[in-house]
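Here is a short report for a first look at the model. Please keep the sequence and the 3D view at hand.

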Amino acid sequence: MADDSQLREKTKKLGAWFLGPKAENAEIEERLISFILQDYFHWRRNYYPSDEIVIPQSLRRELVDWNDDLAQKIAEMLAGLRKHFPFYSPRYMAHMMSDQTLPSVLGYFAGLLYNPNNVTPEASPVTEHWEFEVGADILEMVGYKAPGERSEFGWAHVTSGGTIANIEALWAARNCAYFPLSVHRVSREIGLEVEVMLADQTVCDLTQLDDSQVLGLAPGEIMHLLPRLVNAIRLRLDVPHDVAKAKTPELLAASGFSIPHSGTMSCFQKRPPAIFVSAARHYSIAKCADLLGLGRESIIAVDVDGLFRMCTRDLEDKIKIALKRGLLPLAVIPIAGTTEEGAVDPVHEILDLRRRFEEENRTSFWVHVDAAWAGYVRSLFQPSTAHSLTEHIDEVRSFVSRDVDLSDRAYSRTLRIQWGDQDVLSAFLAFSRTDSITVDPHKMGYVPYPCGLVAFRNDRVRQFLAEAAPYIASAAQPAESKVDHVPPTAIGPYILEGSKPGSAVASVWLSHRMIPLNRDGYGEIIRASLLAARELYERLVHWADWAKTNKVDAGFEFLPLTPEPPDTNVVCFVVREKGTTSLRKMNALNQWIYDKFTIESEHGPGDYSYSQPFFLSHTVIKYPAYSPRAVAGPLQRFEIDQTEYYEQGLFVLRATMMSPYIVLAEETGRKGRPYIAQFMERLAAKAHEALLAKQEDGDLGQEVGKQVHRSRSL
């Protein structure tokens, strides 16, 4: 049981926001689900109550056998679902899954009863409005501006997940980057004067530039080209504004450089695109390049540093090489929470690098943050009374901190743990200066699948995504005939997807209404998750001291993948036999241990999860995705020969500390040993068993090594 110094009053709120690992809030959830159902039944019965009953009791009696069959099938279905993994439990530390907030479950349940389709207001008169509200929530959380009494604001909407969000962001980036070519061609052909600001802030007439020079403009500048073009057409043809506006799409389509009309070939022949993303990228980026006609060869992998963050020096070198090859740097994609390591790329440094390229090379590029995993970490930064970066960082660090007692038997130690080094916090604070961001509410928003989201800093991006581009007046040119820049009234015309469930929107909408996106709301959930990861990291690091003090003669050691605590809530580590430097043997040992912390359901029906006390996942760090230079730190610390790394890859155990219940239990006085202490005991026991099995069987590496090889090939 935690002592009084570890108790925290505000943490208690978490106990109301979730069902609980033992369904402790079952009564309230059951009551509210019943309330939702009864209200829904009432809604049906009161629409034209004078209509005759279509399914009378006499008919229902004839169909009772079918109802019995349905009940039987549901019982069978539930029996199957009981083999599901216990994502809700604090004992589940495997994949990016956890419990869902109580409001999100209730919102989803209510929404699915009404089955709205959020592609159009005619099919979703209520939930589409909620989607605009959810979009505004996320815009404000990430540091963009939500629509309101302002001329410049962002645009955000719900998607089915991070893959669609990433595709849509790069779709916008592609169309935006090459849009100046079509404006340039139209302007030259009919003699227009269109003023443009180059990336280095030089102002000139667009027609004075050649085709190559019009590429590489800053995204914010390109956003204003369309209204300037419309106004130039109005002046040149001496026609009313509405006529010029209607004429513009026709002229752009005839230019031969409008990607929505003519495809990518003519544009890419001028300057082929290049996308820069780290080796830790999500596989959806390759899908994006494929689907958007960029080609997977357009993806240039940037090395990571010893903390698995994008190396900006390598990024700078590779952009320079791309420019020399005549490529167009289309986009740089920093990741906030890599899938494998939870690392956060230095967004702030990437934006500074963009500014240098703009000033020195007259070249800009789109910056899209893939924050599908860690986007909700931004809730920790709201609200803020800080007057400087240092003060803001200190605010967040102070909030995400606590004392952890590692004492056990003869070992005595209490640590003050705190999340967030300056680079990680600076990266999150720089979100507001990026062009687009992917955020997944169905990950660290703790809502049901499917629910992703894409957010754009500038709402004017819709002109590159719509079939009929909305006219947007430029506030920078007062002489233009103005049409108010207003938020959209429908979502369907500007998104990639067609039909999509309003129930997902209802889910995240209700969760946001009950748990605000600030430190008093979601920030508490994120805090609990980050601190759980920090606790696990510290227990791994201090385990050798614990063993020595308690005179435990262990033949193994725990080694975190990185020399510093994790950037978010993913902890990667290996178990190594003392005195062994063979990578093959270390991989075999970790594969053996991993097998004791999972249920291999993909290879058969699987066991019931009741038999599994803790769950872990794994990943394989391998070449060529991770170059030897990128993983030089772990190779050196683990004493791994580089040749072996080329051949074997590095099998790593991975714990995703997403559960809010670990810190909730410790900070509200739960009796019993902390969950992470129990996990460490189990981990050490399995490591010991593995070494015993090695002594009995001779070598774990023969059979298990084959499994590692199979993992590398997946």
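Buried means under 20% relative accessible area, exposed over 50%, and partly exposed in between (1.4 Å probe, protein chains only). Helices (H or I, at least four residues) and strands (E, at least two) are DSSP runs, numbered from the N terminus. This is a predicted model, where local features need pLDDT of at least 70, side-chain atom pairs count only at pLDDT 80 or more, and totals for chains, interfaces and linings use all residues. Residues are numbered from 1 along each chain as its sequence is written, and side-chain values use heavy atoms, leaving out hydrogens and water.

**A covered helix**

Helix H18 covers residues 502-514. Ten of its 13 residues are buried. Among them are Gly502, Val505, Trp509 and His512. The cover includes helix H5 (102-114), helix H6 (127-142), strand E1 (155-159) and helix H19 (522-549); contact means heavy atoms within 4.5 Å. The expected span of a helix is 1.5 Å times one less than its number of residues. H18 should therefore span 18 Å, and its end C-alpha atoms are 18 Å apart, which agrees.

E1 is mostly covered too: five of its five residues are buried.

**Strand pairs**

Two strands pair if DSSP finds at least two bridges between them.

| Pair | Bridges | Opposite residues |
|---|---|---|
| E1 and E11 (residues 452-456) | five bridges | Thr159 and Gly452 |
| E13 (residues 570-577) and E15 (residues 650-656) | four bridges | Cys572 and Arg654 |

**The open sheet**

Four strands form an open sheet in the order E12-E13-E15-E14, with antiparallel pairing. Its edge strands are E12 (556-560) and E14 (617-621), and each pairs on one side only. On average, neighbouring strands are turned by 35° against each other, direction ignored. H19 packs on this sheet and touches E12, E13 and E15. The direction of H19 makes about 140° with that of E12. Helix H20 (residues 583-595) lies across E13, E14 and E15, running at about 35° to E15. Axes are lines fitted to C-alpha atoms, for helices over the stretch in contact, and angles run from 0 to 180 degrees between N-to-C directions.

**A pocket**

A pocket is an open set of points on a 1 Å grid over the protein atoms alone, where a 1.4 Å probe fits, with protein on both sides within 12 Å along at least five of seven lines; lining residues have an atom within 4 Å of a point. The second largest pocket is lined by 47 residues. Gly20, Pro21, Tyr88, Ser89 and Asp99 lie nearest its centre. H23 gives the largest share of this lining, three residues.
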